[in-house]
Structure formats: C-alpha cells, structure tokens
Amino acid sequence: MQRIRLRYTKRGRLRFTSHRDFQRAFERALRRAEVPMAYSAGFTPHPKVSYANAAPTGTGSEAEYLEIALTDARDPEKLRILLDESLPTGLDIIDAVEARTSGLADRLTASVWELRLDGVDPADAGRAVEAFKAADLVEVQRRTKNGVRTFDARAAVVDLDSLDAPETHSPRADRPTDQPCAILRLVVRHVTPAVRPDDVLSGLRAVADLAPPVPAAVTRLAQGLFDEETGTVTDPLAPDREAAPAPSTAEPAAAAKASAPVGPA
C-alpha cells in the first residue's frame, strides 16, 4: 500500500467551502481521476483519506494537508496533476509527496495567518497589536455547542505584527479588494482550546477597541512545525522529501556503456 500526502488550497470564493463540502468534492475528484484508492473495511467502506487540521469555513488557505492510501503505486506529481484537474478552480492541489515518515498531523503544530482589515487605519491596527502583545492575559469568549466558553487568546500567539505598507502583503493571500487597509501577520500555536484568527480579533477588540467595519479577510499562509531558533513555521512535507532515496546512477551508467563504440576507431 502506498501513501501520498497532498497540500491543497482554498482560494477566492471557495474559502466559504466547508470541510464536509471539500470532502465530497475531493472524493468525486478521486473517482474522476481513477485513483486506485484503498478502502476501509466494514458494511460501508470509505476511501482511506486522512484530513489534518482543516481551516475554518470562511477563511482562505494556502496550506491544507491530507493523506491518501493507494492499492497500487502512482507517481506523486502525475497524481497531483490529475487530481488538480478534477477539482474546481480555487481548490487546487499544489504539492504531493510519497509518505516516507510517520506523523504528518504531529508536525502541524503552528500556523501563519494573514488578516486583511479593510477600513482600518494601519496606525490604529499597530497600536492595537502592541497593546495585545503587551498583555499577559487576553480573555475572549466563543460560543460552543456546550455554551459560551471563556479562554486566553494571548498565550498561543507566538508573533503578531502590523505590516507597514500594502506592498508587503503576501501575493498568495486571499484579498477581496485592492483598497488601502491594515494587514496583520499572525503566528499561532495549535493548542487546546484552539486559538483562531477570529479569537485574536476579539482580543484586539477587548484590549484596544479595534473593530473592523467589515469582516476580516483571513488567509492561512503556512502550517507546520514551529522552529524556535528561527521563529518560522517549517514545511511539514520536507521530512518525506528528505527521506526519499537518492536517484540511482546505475541505469545512466549502463546506458552510456551500451551506447559506447565497440572496437578500434
């Protein structure tokens, strides 16, 4: 059995796709691409697909991950192309590697988010960010199925910055307009309870009364292991690439020997 790990996006209007909607679209793409999927046992077999830490509905993302199990081996790049062609534009498969290590979900410990606050003065956003970072505790509330829950949104935030100019936006971010606005870059650890970008926005409102006039456009730019030394979030598929066997030089050497002239010149 071969396992393939895929990185995919949620762009543009497809950011409003729920996780359940994506699951249905992806399983249809598997059938269209005639992928030799492995299935679970039991009375209602399902394709073996493992989804890891999906972004909330309404947020864009450049870094969603999943893993599929195949009954027959396939070239990861060719499989990526087939699946990408079978999905709607906006749900794009942008990377594929063969799984050669364990624990993909365990490597998704932090995310980098970009928050576009249309109608907010960058100077006001900068002051709110400084107030948030200076606080030891920022309590926010979130409604759950068990009622309203109060928790600290500050401890999980590794870094939060207000970018100085619109030109510094990531070109990958999901931005609905080109109007001047405040742009925040957020690095947050995946903890329990999860601290989401909207929780950080609630925290900015609590500490500095920052309230964007329209909903923020939120895009996940990366997720992976947080590197304490560099302060960056690393590529979770890198260990699989590094574990891949080096290309063999035996076949090229044999081909060169076979093509060499025989006998005296």
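Which residues does Ser86 touch, not counting residues up to four places away in sequence? I will come to that in a moment, after a word on the model.

This is a predicted model, in which local features need pLDDT of at least 70 and side-chain atom pairs count only at pLDDT 80 or more, while totals for chains, interfaces and linings use all residues. Residues are numbered from 1 along each chain as its sequence is written, and side-chain values use heavy atoms, with hydrogens and water left out.

The protein chain has six helices and 12 strands, these being DSSP runs numbered from the N terminus, with helices (H or I) of at least four residues and strands (E) of at least two. Of its 265 residues, 43% are buried, where buried means under 20% relative accessible area with a 1.4 Å probe, protein chains only.

To return to the opening question, Ser86 touches Ala29, Arg32 and Ala33, contact meaning heavy atoms within 4.5 Å. Ser86 sits in the loop between helix H2 (76-85) and strand S4 (93-98), and is buried, at a relative accessible area of 16%. A polar atom of the Ser86 side chain lies 2.9 Å from the backbone oxygen of Leu82.

Let me turn to the aromatic rings. Rings of Phe, Tyr and Trp (its six-membered ring) pair if their centres lie within 6.5 Å, and planes under 30 degrees apart count as stacked, over 60 as edge-to-face and the rest as tilted. By this rule there are three aromatic pairs. Tyr8 and Phe22 are stacked, because their ring centres are 4.1 Å apart and their planes are at 5°. Since Tyr8 belongs to strand S1 (residues 2-10) and Phe22 to helix H1 (residues 19-32), this pair ties together parts that are 14 residues apart in sequence. Both Tyr8 and Phe22 are buried, and the relative accessible area of Phe22 is 3%. Phe22 also forms an edge-to-face pair with Tyr51, at 6.2 Å centre to centre and 85° between the planes. Together with Phe26, the residues Tyr8, Phe22 and Tyr51 form one aromatic cluster.

Finally, over the protein chain, among contacts between residues at least 6 apart in sequence, 78% join residues at least 24 apart.

Technical notes. Buried < 20%, exposed > 50% of the residue type's maximum accessible area, 1.4 Å probe, protein only. Polar contact = N/O pair within 3.5 Å; in protein donor to acceptor, adjacent residues only side chain to side chain.
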